[in-house]
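I opened this notebook to record what I looked up in one chain. The entries follow the model shown below.

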Amino acid sequence: MSKKVNGDEPLENADAAAQTDSLQPLGPEDREMGTFGYSALWIGDGVNMGNMTLGASVIVAGSATLNIWQTFTAAIIAIGIISLMFALNDRAGYRTGIPYVTQLKMSFGEKGTLVSSLLRAVPAVIWYGIQSWIGGTALNEIFIIISNGALDNVALGFIILLAIQILLSMKGFKSIKWVESVASVVLMGIVITVFTILVTNHSEAIRDTWINTSGSWGIPFWGFIMIFLGNYAAIFLSAADYSRELKTGYSDKKRGLLYFIPIVIAYGSVITVGAMLASATGFTNPARGLPALFDNVYIELFISVFIVFGSIAVNMVANIVTPTYVIQLFTKLNYKIAVTITGLLAAVSFPWILVQDDNAKGLDMFVLTYSAFLGPMIAILLVEYYLLRKQHIDVKELYKKDGQFAGTNKAAIIAMLIAAGLAFIQVDLAWIIGFVSAAIIYPLLMKYTFKKSAFRKNTIFENNNQ
């Protein structure tokens, strides 16, 4: 069977990705996202209750571990690193139109990709379920208010919200673009409303608790940066899935700004409001802090709308696209069926168990465990693309079933496992330890081991076979 890759002549002996429409490279005519749509992705993804909680976490027992300047500095440093990782890792997808699962093949091989892709997809599916359960709980609160208590069923809210997200996702990035455009406006409107109320009515408490405090430039400061960075680690790992949808003509610098500016607006504003809210009310949980701002029984409706929109926006960007592509890679199913399966898997991930208080420790350990692999994975992708291949990609070769990238690149798998193991030495710094370790180990393994490996072809080590 022959397939065309990016509109060129037919490709003989095509692999599973080449035989799946949504996994084939996108050409300039296939891309519909411009500046506003792409920016809306990151604004919609960043404005949610979880990130507001992150901002509130700088207030502990009524006093700030970081003052306003330390909080902003930590945020800017983290956002700068996040934007840099995006701009570096999105280049392969932007220039060639390939998705993340195909980019992985270049480093890990066709069979190795089946393992490495799951390390990004499985956590995404589980977070899809968690976010949907939280959103479904909030949707149920809306039911209760509107029906005056006659309708009270969290499971129904969860199922309805999951179905809505599946239907919205079926048209791929066309629907994601529309959802994020609406969500970014609604969510930012809610954040601005809360910010205005806080500044107007609670400025003295905010000044005393957060602004005029010594804070710390030590471990709490650097720890906040790592937490901040960790929130985006999985997303910028699969940056190609997003950049391939962006219209051509954007320079590397402009794409970097398309990450930096929206994330500053979204993340920055939500973290600020979270810290201000905790300072003014004493509640580090925004779900409790927001009602304390208002003397109005319908504030629950306000909060619930925020949570529902936030859950949908986060899932549409971070937790649906990549696992759907991975399912297609495994099954060759079309996008609509694969996105439905992704939603069903999220439903059976038992999020109602994972979000319970007595399971919080287990969930934290799950997050730390998979995060230890994300740093090494992105390091391997960047070393592969920039150092070993000097930004040259043979797209047709990537889509050949029995081509150069068939099998498993043992050097990449070993480097990932060793670096992940080192990351567990200090779990709070797992991402950065894993990233630096893999960036050193992978090129050394490529140079000195497996010298007959086909993965050395067209790299700087191709002729180093002795």
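Among contacts in the chain between residues at least 6 apart in sequence, what percentage join residues at least 24 apart? I found 81%, where contact means heavy atoms within 4.5 Å.

I noted that this is a predicted model, in which local features need pLDDT of at least 70 and side-chain atom pairs count only at pLDDT 80 or more, while totals for chains, interfaces and linings use all residues. Residues are numbered from 1 along each chain as its sequence is written, and side-chain values use heavy atoms, with hydrogens and water left out.

Overall form. I counted 21 helices and four strands in the chain; these are DSSP runs numbered from the N terminus, helices being H or I of at least four residues and strands E of at least two. The radius of gyration is 23 Å, close to the 23 Å from the globule rule for 466 residues, so the chain is as compact as a globular protein of that length. That radius is taken over C-alpha atoms, and the rule is 2.2 Å times the number of residues to the power 0.38. The C-alpha trace spans about 75 × 50 × 45 Å along its principal axes.

Burial. I recorded 54% of the 466 residues as buried (under 20% relative accessible area; exposed is over 50%, partly exposed in between; 1.4 Å probe, protein chains only).

Helix α8. In α8 (residues 203–211), I found Ile206, Thr209 and Trp210 buried. They lie on the same side of α8, because they cover an arc of only 85° around the axis, taken from the directions from the helix axis to the C-beta atoms. Their cover includes α3 (68–89) and α12 (252–281).
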